[in-house]
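Trainee: Could you take me through one part of this model in close detail? I would like to follow the paired strands and the charged side chains around them.

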Amino acid sequence: ETIFIRRGNSAYVIVEGPTWTEAEANANKLGGHLVTINDAEENKWVLENLNPDNEDIWIGISDKDVNGDFQWSSGEEVTFTDWAPGEPNSIYKEYGKFWSRYDGKWDDASNDDGLVATPPGALIGIAEINLDPNVLPTGELSIKGDLKIGGTITIDISDIKDEDNFEGYTPTYNYSWELSKD
């Protein structure tokens with residue numbers, strides 16, 4: 001069973017490689033790409049939640065199309081990188097991975113690294129699948145009625161707007177009252 005982890009408007013899942021190309025193809029089969037990391041916070045979150053054992057693991061950056069011009073496989077703009085010291089360093093077209101040797105910093109590696117890793121085929125990838133936005137409902141509910149013992153109150157939610165009809169939304173209504181002599 002494959003475990004998906006949701007963060008924001010993305011679902012993340014481990015996919016098999018062992019090469020970058022195979023891992024990207026497996027991410028595509030799920031409707032995504034190898035992970036695009038947009039900032040230090042996401043980089044840390046991915047490391048802590050999807051690579052807790054600090055393994056070499058494929059991410060979606062490569063210079064496969066133009067040597068030295070690293071791009072995300074998702075097509076998103078590269079606005080953040082976390083290369084290990086001296087990386088990227090290859091004169092050949094290379095593929096990005098978290099590098100266990102440098103506690104999750106990035107390395108540019110040959111596409112067949114999974115075939116020479118120890119143990120062979122140890123490299124896997126992290127897929128990121130973009131989800132429809134989950135916009136929380138907005139508006140105010142109103143409570144009307146006779147707030148006495150035996151009275152009836154009604155909750156009117158007609159002002160609540162749910163832009164994306166997120167079915168998993170369960171509103172919480174907090175209420176309280178107290179008795180007094182007057």
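**Strands and salt bridges up close**

Mentor: Happy to. Along the sequence, the chain follows the pattern β-β-α-β-α-β-β-β-β-α-β-β-β, which comes to three helices and ten strands; helices (H or I, at least four residues) and strands (E, at least two) are DSSP runs, numbered from the N terminus. The model is predicted, so to speak of local features takes pLDDT of at least 70, side-chain atom pairs count only at pLDDT 80 or more, and totals for chains, interfaces and linings use all residues. Residues are numbered from 1 along each chain as its sequence is written, and side-chain values use heavy atoms, with hydrogens and water left out.

Let us start with β6 (residues 95–99) and β7 (residues 105–109). These two strands run antiparallel and are joined by five bridges; strands pair if DSSP finds at least two bridges between them. They form a hairpin with five residues between them, and Asp-103 in the turn has a positive phi of about 45°. Gly-96 has Asp-108 in β7 as its bridge partner, while Trp-99 is partnered by Lys-105 of β7. Both strands are mostly covered: five of the five residues of β6 are buried, and so are four of the five in β7. Here buried means under 20% relative accessible area, exposed over 50%, and partly exposed in between (1.4 Å probe, protein chains only).

β6 also pairs with β4 (57–62). Three bridges join β4 to β6, again antiparallel, and Trp-58 stands opposite Lys-97 in β6.

Lys-97 is buried, with a relative accessible area of 3%, and forms a salt bridge with Asp-56, the closest N and O atoms being 2.9 Å apart. A salt bridge here is a side-chain nitrogen of Lys or Arg within 4 Å of a carboxyl oxygen of Asp or Glu. Asp-56 lies in the loop between α2 and β4 and Lys-97 in strand β6, so this pair ties together parts 41 residues apart in sequence. Asp-56, Lys-97 and Asp-107 are linked in a network of salt bridges.

A further charged pair involves β7. Asp-82 and Lys-105 form a salt bridge, with 2.8 Å between the closest N and O atoms. This pair links distant parts of the chain, 23 residues apart: Asp-82 is in the loop between β5 (71–72) and β6, and Lys-105 is in strand β7. Asp-82 counts as buried at 16% relative accessibility, whereas Lys-105, at 33%, counts as partly exposed.

Lys-44 and Glu-48 both lie in α2, four residues apart, about one turn of the helix. Their side chains meet in a salt bridge (3.8 Å, N to O), and Glu-48 is partly exposed, with a relative accessible area of 48%. A search of the whole structure finds six salt bridges.

Now for the nonpolar side. In the largest nonpolar core, which has 17 residues, Ile-37, Val-46, Phe-98, Trp-106 and Ile-126 touch the most other members. Such a core is a set of buried Ala, Val, Leu, Ile, Met, Phe, Trp, Tyr and Cys residues joined through side-chain atoms within 4.5 Å. α2 (40–50) and β4 each supply at least two residues of this core, with α2 giving the largest share, four residues.
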